[in-house]
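Here are a few friendly notes to read with the structure open beside you. Take them one at a time and find each residue as you go.

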Amino acid sequence: MPIMIFMTRYSNSYRHKHRIASELQLFTRIFSLALFSLFALITTSCEKGILKIGTDLLPNEDFVSISSIDTLSVFSYTMYDEVIRSDNPSVSYLGQIIDPVFGTTSADFVTQLRLNAKWTGTAKVTIDSVHLYWHVLSTIGGAGTAHTMKLTEISEIIYPDSVYYSNKQPVLTTNTWDNLKIPAGIKGDTSVFVKLPKEFGERIFSDPSKLFYEPNRVHFNPAFPDFRSYFKGLYVQMDPSTDPLLLSLYLSPPVSGSSTHGASTNFIAIFLKDSLGVASEFDLIFDAEAKNAAYNRYSHDYSTATPSLRIKHINDNYKDSLSYLQYLNGVYTKIVIPGLEKLKTDGTLGRIAVNKARLVVPVHITDTTKDISTLVPLQLVLRYKNSAGVKYLVPDYGMSAYDQTHQFFDGTLDPINRVYKFNIPQFVQSYLDGKGDIVKPELEIYQGSGTKNVVFDANNNKTPVKFEFTYTKF
């Protein structure tokens with residue numbers, strides 16, 4: 001038969017000197033491959049046999065299975081509590097801001113004032129001038145416009161260990177000092193000077209014998225009247241403006257020696273002369289080391305938002321495609337995971353150990369040209385409500401007393417993927433085990449402080465909130 005070129009090497013010719021070597025090499029390769037396959041088969045069979053030895057003697061409960069569920073639905077709702085607790089704030093807010101989505105937010109506060117020292121001068125003094133100094137943390141809105149504010153003396157004593165709410169209307173005296181000019185051009189982390197009328201200083205020194213504190217009394221006792229019963233405090237307001245401004249102040253006790261003016265950066269200085277003509281300065285402290293009793297007041301009017309952008313569903317349990325979170329205790333997002341409730345009541349699952357439980361909450365952004373980290377809060381927090389209606393942070397937030405950054409819990413903005421991620425395995429485990437007084441698989445997203453709002457994709461949106469859940473079944 002015809003012989004092709006590639007066949008000549010193995011042709012039946014005694015003249016070909018490579019014929020025997022070529023056939024031998026081919027046979028060796030085939031034999032080696034077959035031997036290796038047989039060895040692998042035997043080895044695998046032995047291993048399987050070893051692994052199976054004794055399994056029929058162990059009870060079923062000695063085995064575990066790891067499962068992952070990605071079908072648990074997550075529902076989001078926009079909620080609002082008009083009345084929230086606001087006493088002993090670290091940061092107080094003053095002014096007003098109008099947002100096209102969230103409408104009008106107004107803020108003011110009530111606070112005591114502390115004496116920098118007991119007055120030991122003469123009974124008669126002359127007031128030269130009165131200056132208010134504030135260290136402003138942040139501003140939003142019309143900082144380029146001059147604004148005015150008003151101080152009103154309150155007529156009821158407030159206490160640092162009492163509860164006050166954001167809608168509490170203070171009881172006032174007739175002593176009001178208004179049209180106090182706040183200078184234009186205020187920026188964050190700057191000091192502000194406001195000139196007060198001399199009448200304010202005259203009110204403080206109308207009875208110099210009251211300018212003292214009862215020794216060793218941190219909390220006021222009506223049986224021992226001192227300055228706190230003589231001058232009970234101030235209600236601080238900013239007047240409405242066509243170019244509204246909202247500013248924030250840190251009124252908690254600062255670190256001692258943190259400023260050139262003792263430890264305080266927020267105070268009222270009264271410059272005066274006594275009856276001998278000796279000039280001195282007497283101060284009233286907002287951020288005193290012995291903390292003043294104080295509370296913030298907030299109000300929100302969502303009807304003033306732009307009609308096309310206005311929030312349409314608040315407190316009505318409607319599953320909108322968007323949910324909202326606002327600063328200054330405005331609207332917030334409630335997350336409900338009904339599948340966890342079914343999982344808890346399903347008696348066929350037995351014991352469950354939570355391996356992973358993470359909420360992934362996407363941010364709704366319309367302007368993709370801007371840096372998202374400048375538009376929304378950098379970190380958010382989760383809380384839950386117990387059987388008494390008291391709200392607590394999820395236990396995962398404080399799993400490590402030494403981790404001040406709460407890295408495990410996370411809650412920080414992922415600017416690349418534009419989501420917030422919350423790790424909550426401890427919360428879920430406690431709920432499934434019936435521990436920690438967690439009665440519902442419901443959570444609230446909120447921000448403890450800050451002045452940025454955020455909108456989330458939710459429910460029937462193409463990128464809704466996701467719940468990633470992996471568990472071990474015993």
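1. The lining of the second largest pocket has 17 nonpolar, 6 polar and 7 charged residues. In this count Ala, Val, Leu, Ile, Met, Phe, Trp, Tyr, Cys and Pro are nonpolar, Asp, Glu, Lys and Arg are charged, and the others, Gly among them, are polar.

2. Please keep in mind that this is a predicted model, where local features need pLDDT of at least 70, side-chain atom pairs count only at pLDDT 80 or more, and totals for chains, interfaces and linings use all residues. Residues are numbered from 1 along each chain as its sequence is written, and side-chain values use heavy atoms, with hydrogens and water left out.

3. Back to that second largest pocket: its space is about 700 Å³, a volume being the space filled by probe spheres set on grid points that are joined across faces, edges and corners. A pocket here is an open set of points on a 1 Å grid over the protein atoms alone, where a 1.4 Å probe fits, with protein on both sides within 12 Å along at least five of seven lines; lining residues have an atom within 4 Å of a point. Of the 30 lining residues, Asp99, Val101, Phe102, Thr366 and Val455 lie nearest the centre. Strand β3 gives the most, with 3 residues (strands are DSSP runs of E, at least two residues, numbered from the N terminus).

4. The largest pocket holds about 920 Å³ of space. Its lining has 32 residues, and those nearest the centre are Ile84, Arg85, Asn329, Arg383 and Tyr446. Here β19 gives the most, with 3 residues.

5. Next, look at strand β16 (residues 332-336), where 5 of 5 residues are buried (under 20% relative accessible area, with a 1.4 Å probe and protein chains only). Tyr332, Lys334 and Val336 point one way, while Thr333 and Ile335 point the other way. β16 pairs antiparallel with β2 (residues 75-79) over 5 bridges; strands pair if DSSP finds at least two bridges between them. Thr78 stands opposite Thr333.

6. Finally, is Asn292 buried or exposed? Asn292 is buried, with a relative accessible area of 4%, and sits in the loop between β13 (279-285) and β14 (294-301). A polar atom of the Asn292 side chain lies 3.0 Å from the backbone oxygen of Ile285, and one lies 3.4 Å from the backbone oxygen of Gln112.

Methods: Helix = DSSP H or I, 4+ residues; strand = E, 2+ residues; numbered from the N terminus. Buried < 20%, exposed > 50% of the residue type's maximum accessible area, 1.4 Å probe, protein only. Polar contact = N/O pair within 3.5 Å; in protein donor to acceptor, adjacent residues only side chain to side chain.
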